[in-house]
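Please look over the chain below. A short report on its local features follows.

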Amino acid sequence: MTLADGALNGRRAALSLGGAALLWMTGCAQLSGGSSAPRTSDSWSGRMSLRIESEPVQTFAALFELRGSPETGDLTLTTPIGSTLAQLHWAPGEALLKDGSNTRRFDSVDALIEAATGAVIPVGALFGWLEGRNEPVPGWKPDLAQLGNGRLQAVRESPSPRADLRIVFERS
C-alpha cells in the first residue's frame with residue numbers, strides 16, 4: 001500500500017462515518033460558505049449520497065452547498081457536525097479542490113468531482129436536473145419525479161460500475 005492509498009482509504013473511512021451519521025439526521029442543512037463565487041439564485045443545500053457498485057462497494061455521503069452554474073461554481077461538502085470535508089471551485093481554466101490545508105488543481109470539473117466523491121458526476125446536467133430539466137447524459141438516468149419534494153435520484157448504468165446518486169435539497 002502506498003502513502004496515497006493510505007490517504008485515500010483514510011478519506012473514504014472518514015466519508016463513510018459521515019455518511020452513517022447522515023442517515024440519522026433529518027431535514028436539510030443551511031450551510032454558510034466563504035466562497036468567491038457570486039451569490040445567485042442558483043443555489044442549493046442539503047444532503048447527498050453516492051453509492052458506487054464497485055468491488056468493494058464505495059459509498060460517499062455529505063451535507064452540501066452548491067452555488068453557481070456548470071461554468072463557474074462552488075460545492076462545499078461538510079460532515080453532519082459542520083466540519084468541512086472539501087471545498088470545490090471551478091471556473092473557466094481552473095478546477096480546485098481544497099481539503100484541509102491542501103489545495104489541488106485539476107484539468108476539468110469532471111476530474112475535480114471524481115477526486116472529491118469517487119465518481120464522475122455530470123455537473124452540467126446536475127444543475128439542469130435540480131432545476132427540473134431532464135438533461136440527457138449518456139449512461140445516466142435521472143428521476144425527477146420527486147423534485148417538488150426536494151429529492152433527486154440519478155443512476156449511472158454505464159460505464160461500469162453502476163452508481164446511484166441521491167440528493168435531498170432545498171433551493172436557497
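Which residues of helix α2 (residues 109–117) are buried? They are V109, L112, I113, A115, A116 and T117. Buried means under 20% relative accessible area, with a 1.4 Å probe and protein chains only. Helices (H or I, at least four residues) and strands (E, at least two) are DSSP runs, numbered from the N terminus. Just after α2, G118 takes a positive phi of about 100°.

This is a predicted model: local features need pLDDT of at least 70, side-chain atom pairs count only at pLDDT 80 or more, and totals for chains, interfaces and linings use all residues. Residues are numbered from 1 along each chain as its sequence is written, and side-chain values use heavy atoms, leaving out hydrogens and water.

The average pLDDT (the predictor's confidence in each residue, from 0 to 100) is 81 for the chain, and 76% of the residues score at least 70. Over residues 6–40, pLDDT stays under 50. Where pLDDT is low, the predicted coordinates should not be read in detail.

Two aromatic pairs are counted. Rings of Phe, Tyr and Trp (its six-membered ring) pair if their centres lie within 6.5 Å; planes under 30 degrees apart count as stacked, over 60 as edge-to-face and the rest as tilted.

| Pair | Type | Centre to centre | Between planes |
|---|---|---|---|
| W44 and F127 | edge-to-face | 5.6 Å | 70° |
| W129 and W140 | tilted | 6.1 Å | 50° |

W129 sits in helix α3 and W140 in strand β7 (residues 140–143), so this pair ties together parts 11 residues apart in sequence. Both W129 and W140 are buried. W44 and F127 are buried too.

Notes: Buried means under 20% relative accessible area, exposed over 50%, partly exposed in between (1.4 Å probe, protein chains only). Contact means heavy atoms within 4.5 Å.
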